[in-house]
Amino acid sequence: MTHLSWLGFISYVIFLKGWGKPIWLDLGRFPKRSNLVWVAFSGWLGLLGLALLALSLRPLVLNSFPGDVGFTLVNFLSLLASGSIWFLLWSLIPLPPLSSFAFLAAIQPKIYAPAFRYVVAFEVALLLVAASGWIEGVLRPLQGWILRLLGGG
């Protein structure tokens, strides 16, 4: 529950686009700005790795489990891969609750603390973006392209 953002959770339940509770980064603990880039990059790599793992396990699962069980598990792995790529793309929106905001902090550290004070306003903005549906048209083709590139499309 520590990492639960209620607006992110509500957005996920209603629109299947959500986020976790933003974590305050003490910029003083990052003497090299490039380390902030690695904070965001590691999250993206984790999501990409999870998608790749899920896609690579599908043939093994299909051949190891009989009939409907195998197909159900393969569908689950496909959804896991698709969801991981979706969250990776969604997290590229450079707002404080999302990990790409660390990139902005690396480029311009002075905007980090003031912007973080308004994190609830940014979460409301993300909720409105999710509700509008226009982000689907932007991110869905990228998601499909990445999944095909990973061998899952």
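Visitor: Is Arg140 buried, partly exposed or exposed?
Guide: This is a predicted model, and the value is computed from it. Arg140 has a relative accessible area of 37%. Buried means under 20%, and exposed means over 50%. Arg140 therefore counts as partly exposed.

Visitor: Which side chain meets Arg140 in a salt bridge?
Guide: Look for a nitrogen and an oxygen within 4 Å. For Arg140 the N to O distance is 2.9 Å. Both partners lie in helix H7, 4 residues apart, about one turn of the helix. The partner is Glu136.

Visitor: How far apart are the closest N and O atoms of Lys17 and Glu136?
Guide: Side chains of opposite charge can pair when their charged atoms come close. Lys17 and Glu136 form a salt bridge. Their closest N and O atoms are apart by 2.6 Å.

Visitor: How many residues apart in sequence are the parts that Lys17 and Glu136 tie together?
Guide: Start with the places. Lys17 lies in the loop between helix H1 (6-15) and H2, and Glu136 lies in helix H7. The pair therefore ties together parts whose separation in sequence is 119 residues.

Visitor: Which relative accessibility does Lys17 have, and which does Glu136 have?
Guide: The cut-off for buried is under 20%. Lys17 counts as buried, whereas Glu136 counts as partly exposed. The value for Lys17 is 4%, and for Glu136 it is 23%.

Visitor: How many salt bridges does a search of the whole structure find?
Guide: Lys17 forms one with Glu136. Arg140 and Glu136 meet in another. The search of the whole structure finds 2.

Visitor: How far apart are the mean positions of the positive and negative charges?
Guide: The chain has 10 positive charges and 4 negative charges. Take the mean position of each set. The two mean positions are apart by 12 Å.

Visitor: What pattern does the chain follow along the sequence?
Guide: Count the elements. The chain has 7 helices and 0 strands. Read along the sequence, the pattern is α-α-α-α-α-α-α.

Visitor: Which residues have the most contacts inside the largest nonpolar core?
Guide: In soluble globular proteins, nonpolar side chains tend to be buried together. In this chain, the largest nonpolar core has 34 residues. Those with the most contacts inside it are Trp90, Ile93 and Leu126.

Visitor: Is Ser11 buried or exposed?
Guide: Ser11 is found in helix H1. Leaving out residues up to four places away, Ser11 touches Leu16, Lys17, Trp19, Leu127 and Ala130. Its relative accessibility is 0%. Under 20% means buried, so Ser11 counts as buried.

Visitor: How far apart in space are Gly8 and Gly20, C-alpha to C-alpha?
Guide: Gly8 lies in helix H1. At 1% relative accessibility, Gly8 counts as buried. Gly8 and Gly20 are 12 residues apart in sequence. In space, their C-alpha atoms are apart by 6.1 Å.

Visitor: What relative accessible area does Pro22 have?
Guide: Pro22 lies in the loop between H1 and H2. Leaving out residues up to four places away, Pro22 touches Pro96, Pro97, Phe116, Val119 and Glu123. Pro22 is buried, and its relative accessible area is 15%.

Visitor: Which share of the residues in the chain is buried?
Guide: Ser91, in the loop between H3 and H4, is one example of a buried residue, at 8% relative accessibility. The chain has 153 residues. The buried share is 33%.

Terms used. Residues are numbered from 1 along each chain as its sequence is written. This is a predicted model: local features need pLDDT of at least 70, side-chain atom pairs count only at pLDDT 80 or more; totals for chains, interfaces and linings use all residues. Side-chain values use heavy atoms; hydrogens and water are left out. A nonpolar core is a set of buried Ala, Val, Leu, Ile, Met, Phe, Trp, Tyr and Cys residues joined through side-chain atoms within 4.5 Å. Buried means under 20% relative accessible area, exposed over 50%, partly exposed in between (1.4 Å probe, protein chains only). Helices (H or I, at least four residues) and strands (E, at least two) are DSSP runs, numbered from the N terminus. Lys and Arg count as positive and Asp and Glu as negative; His and the chain ends are not counted. The place of a charge is taken as NZ of Lys, CZ of Arg, CG of Asp or CD of Glu. Contact means heavy atoms within 4.5 Å.
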